[in-house]
Each structure stands twice: as C-alpha cells, then as structure tokens.
Amino acid sequence: MTDSGCAAEIHSVAKLASIGADVLTQAIAMTPSAHAECSERLRGLVREVVSTLAFAGSCQGQFVLATSTDVAKHMCATMLMLGEDEMSNDEIADGFGEILNMMGGNYKNDWIATDGRRMDLTVPSTVFGHVALTSMRNATELRAVEFELDVGKMMFGIVTYG
Amino acid sequence: MSYKVLIVDDSATMRKIIMRSLRQAGIDVGTTVEAGDGAEGLAALKGGGFDLVLSDVNMPNMNGLDFCKAAKAEVKPLPPIVMITTEGSEDIIAQAMNEGAQGYVKKPFTPEKLGESLNAVLKK
C-alpha cells in the first residue's frame, strides 16, 4: 500500500451510480430517473457549479460533483426546505459541497470495507463559473456518472492520480 | 425539559438541517448554539450549560475526534456527544467512542433516525 497513486481498484461506474442515487434519494428525496456513464467528460469538465473533495490513502484523487447553477440551487433549496429565491451563492456552494461530502463519505465507507484499504477525506470545495479542471488531464483513472433529475442533469465522478 | 444543544459542523447547511431535524424528531430544543469547527465548539462548550453536543468528524482546524478528546479532558461535567458524520468506518467510530462520544448517526439521516439515536443517549 502506498500514500500516492492508486494501490487498489476504485469502484465501478455502476457502484458510483448506486451510491450517488442513494444519497440523492435519502438527503433530498430526489430519485434520479436515469443515469449514464460519462467518465471521459471529466477530462474537459466545463460546468457552472463544481464541487471537489480530495482524498489520500491507498488511493490519491478527488470526488467531483458538477451541474448547472439552476439545478444546484434547486437541490440545495429542497434540502433546506427554502425557496430558491432565498438561496445565496454561499448557501448553494455549502449545500452542494455537503451533498458531495455525503456521496464521498458513503463511497469511502463502502470502499474501505475491503481489508487494508484506507481513504482520508478532506473537506469539500465548490466553485462557480465555467471551470476547466486542468488537473483532470493528468488523471490515471476517471469514472463518472450523469444523473437525470426532474430539474436537469448532474455529474458525480471520481478521479485518481499517480 | 428543553435541551440546550451545541451543533458543531463546518457546513452551515448541515447545521440548519440538523436543527430542523431535531424539531421534526420531537426533541424539545430550547437553545441551539452553532460552531463551525472543533475549536469553536470547544470554546462554546467551556461556556457550560449544554445538555447535548452533536458533532461532525471531518472538519478543518480541529476535527471531531480531536474535539471529543479535548472536551473529555477539559470540560467537566461533559454532556453527551453524538457524532453526525459520513465517516462510518468502525475505526473512526471506535476512536470517537474512546474519546468520549456516546452515539453515532450516519449522514444522510432522517429525523426519525436522529431522534431514535438521541433519545437513547438522552435517557442514559
């Protein structure tokens, strides 16, 4: 086991989809109507709201959650039971990051169930605007799924380095 | 009895969700105090008078495990601390319990699940 690179296989896209859908359903009562793999799209990610959650341990990399501002606002307002017009950008960033935190945490809990695996999570960071995450271009493995929600699409992915 | 509750979480969104869930779960909350990390939480806790502490694990500055450890050493009497976190590994839970936590709730949670866990701790 190493502290850089990836010494253990990351979960499949199907598992990623299952974990993401569970969190959306339990935390926001938003069950995706469909999902599709979109792993390669992570290399040239251009979305309006992007949250990242870095991790180290048996693998080094980051979780990524991305969507439009409108979808993020709707999700966060639903989670907080507030009107969308009551949501500030800070609240959207914090709420969207918390959704990723739950997804990343649940992924970790499942992934470390295999003996010897370790994953240390940081705290989520969210940015607005059309963002190209250049670090994705150096990724060794990318897995992502795009969920179809009532209000639009949202991507959940994992990227490893080294 | 109305409880004075300290909520320690770096996410303001999660703190609001926890407060709402406490009320939905029928916990009689009189006063809530919010803290954005373990260091803020410890400072608030030293002010005294809390009946219950709900804390995240993964936070900047001082994480939930260090918060529990410091609270156990520095705050007498120590109110029950319940961890509310995505960190569900047995190792993390065992560490938290060793450092003074009395319960654990995994995110995402329902108000019912939160109430069930907290009532068990508050009845002790």
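The largest nonpolar core has 79 residues, a core being a set of buried Ala, Val, Leu, Ile, Met, Phe, Trp, Tyr and Cys residues joined through C-beta atoms within 7 Å. A residue is buried if 20 or more other C-beta atoms, placed from the backbone, lie within 10 Å of its own. A:Met75, A:Phe96, A:Ile99, A:Met103, A:Phe156 and B:Leu54 have the most contacts inside this core. Helix α3 (residues 89-111) of chain A gives the most to the core, with nine residues.

The model is predicted: local features need pLDDT of at least 70, side-chain atom pairs count only at pLDDT 80 or more, and totals for chains, interfaces and linings use all residues. Residues are numbered from 1 along each chain as its sequence is written, while chains are lettered from A and ligands numbered from 1 in the order in which they are written.

A:Ile99 touches A:Val23, A:Ala27, A:Leu65 and A:Met75, leaving aside residues up to four places away in sequence; contact requires C-beta atoms, placed from the backbone, within 7 Å. A:Met75 is also among the buried residues of α2(A), as are A:Val71 and A:Leu80. Just after α2(A), A:Met81 has a positive phi of about 55°.

Helices (H or I, at least four residues) and strands (E, at least two) are DSSP runs, numbered from the N terminus. In chain B, β4 and β5 pair in the parallel sense over five bridges; pairing needs at least two DSSP bridges.

| Strand | Residues |
|---|---|
| β4(B) | 81-85 |
| β5(B) | 101-106 |

Between the chains, 17 residues of chain B are in contact with 20 residues of chain A.

Conventions:
A residue is buried if 20 or more other C-beta atoms lie within 10 Å of its own, exposed if 12 or fewer, and partly exposed in between; C-beta atoms are placed from the backbone. Two residues are in contact if their C-beta atoms, placed from the backbone, lie within 7 Å.
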